[in-house]
Amino acid sequence: MDIQALKSHRRGLMIILSSPSGAGKTTLTRRLMAENSDMTMSVSATTRRPRPGEEDGKDYYFVSKDEFSAMIDEDQFLEHAKVFDNYYGTPRGPVEASLAEGKDVIFDIDWQGAQQLTQAASDDLVKVFILPPNMQELEKRLRSRAQDSDEVIAKRMSKSEAEISHWAEYDYVLVNDDVDMAMAELSAIIIAERQKRKRQLWLGPFVKRLVEGG
Ligand code: 5GP
């Protein structure tokens, strides 16, 4: 029996990573994607303007408010929310296609999105919250990106506390003090979640053949 081929018959995970801006989530997400070929990132639509270096279709789908409203009307979002002064939403189609292929999907969404997905799809969800080691570090990381104005940074800092207040709604909480350690912890969570019996659709037939001596 080809165990590896059998094992690919599994349900994909929906892995939500939430954190206040600047807690290191983007770095962790990029590393996860680089290390896992069977993982894909959900690209959100947003009405916010692109930051320097951000690419349409890769970082976000940058859309107008009218386009965003039309997507809501057409039920194109799995979830959507207003974050800061902009709208963000998770397009439904690509997520459903990836899960059907047995791929894990990473969502970089806020607590509002996590709550909505919990209501819609809780069986496949793994919710991870990433905390900064302290608030000074958070501000330092926000400033080192140097992409937002002072005013935006101050606003984001004040919103951080609100985001952090939702930490207890998550299955797992990491403190990103050391990125290698946080990465190891995140990988361990994903490996364990993949091993859950209900997600390994291949186990029933495998055990049947096993006891029949196949
Ligand atoms: P940023 O503007 O810094 O890229 O993202 C701001 C916040 O919006 C982050 O906390 C991010 O997780 C959240 N966000 C990004 N995309 C989505 C989405 O599709 N849905 C929800 N609910 N939040 C999102």
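Predicted model: local features only at pLDDT ≥ 70, side-chain atom pairs only at ≥ 80, totals over all residues.

Q: Why is the pair of Phe129 and Tyr170 called edge-to-face?
A: The ring centres of Phe129 and Tyr170 are 5.0 Å apart, with 65° between the planes. The limits are 6.5 Å for a pair and over 60 degrees for edge-to-face, so the name applies.

Q: Which parts of the chain does the pair of Phe129 and Tyr170 tie together?
A: Phe129 lies in strand S8 (residues 125-131), and Tyr170 in the loop between helix H7 (150-164) and strand S9 (172-175), so the pair ties together parts that are 41 residues apart in sequence. Helices (H or I, at least four residues) and strands (E, at least two) are DSSP runs, numbered from the N terminus.

Q: How do you know whether Phe129 is buried or exposed?
A: Buried means under 20% relative accessible area, exposed over 50%, and partly exposed in between (1.4 Å probe, protein chains only). Phe129 has 0% relative accessibility, so Phe129 counts as buried.

Q: Which residues do ring pairs link into a cluster?
A: Ring pairs join Tyr60, Phe62 and Tyr88 into a cluster.

Q: What makes the charge of Arg156 count as sitting over the ring of Phe84?
A: A charge sits over a ring if NZ of Lys or CZ of Arg is within 6 Å of the ring centre and within 35 degrees of the ring normal. The charged end of Arg156 sits over the ring of Phe84, 4.5 Å from its centre. Phe84 is found in the loop between S5 and S6, and it has a positive phi of about 55° although it is not a glycine.

Q: What is meant by the largest pocket, and which residues lie nearest its centre?
A: On a 1 Å grid over the protein atoms alone, a pocket is an open set of points where a 1.4 Å probe fits, with protein on both sides within 12 Å along at least five of seven lines; lining residues have an atom within 4 Å of a point. The largest pocket is lined by 49 residues, of which Lys25, Thr26, Tyr60, Asp108 and Arg145 lie nearest its centre. Its volume, the space filled by probe spheres set on the points, is about 1,400 Å³. H2 gives the largest share of the lining, 6 residues.

Q: How do the residues of the lining of the largest pocket divide by class?
A: Ala, Val, Leu, Ile, Met, Phe, Trp, Tyr, Cys and Pro count as nonpolar, Asp, Glu, Lys and Arg as charged, and the others, Gly among them, as polar. The lining of the largest pocket has 16 nonpolar, 16 polar and 17 charged residues.

Q: Which residues lie nearest the centre of the second largest pocket?
A: They are Arg48, Asn86, Asp148, Val152 and Arg156, from a lining of 14 residues. About 290 Å³ of space lies in this pocket. H7 gives the most to its lining, with 4 residues, and by class the lining has 4 nonpolar, 2 polar and 8 charged residues.

Q: What makes a set of residues a nonpolar core, and how many residues has the largest?
A: A nonpolar core is a set of buried Ala, Val, Leu, Ile, Met, Phe, Trp, Tyr and Cys residues joined through side-chain atoms within 4.5 Å. The largest has 21 residues, and those with the most contacts inside it are Ile15, Leu17, Leu32, Leu186 and Ile190. Its largest share, 5 residues, comes from H8.

Q: Why is Asp75 called exposed?
A: Asp75 has 51% relative accessibility and the limit is over 50%, so Asp75 counts as exposed. Asp75 is found in the loop between helix H3 (65-73) and S5.

Conventions:
Residues numbered from 1 in each chain as written. Heavy atoms only, no water. Phe/Tyr/Trp six-rings, centres within 6.5 Å; stacked < 30°, edge-to-face > 60°.
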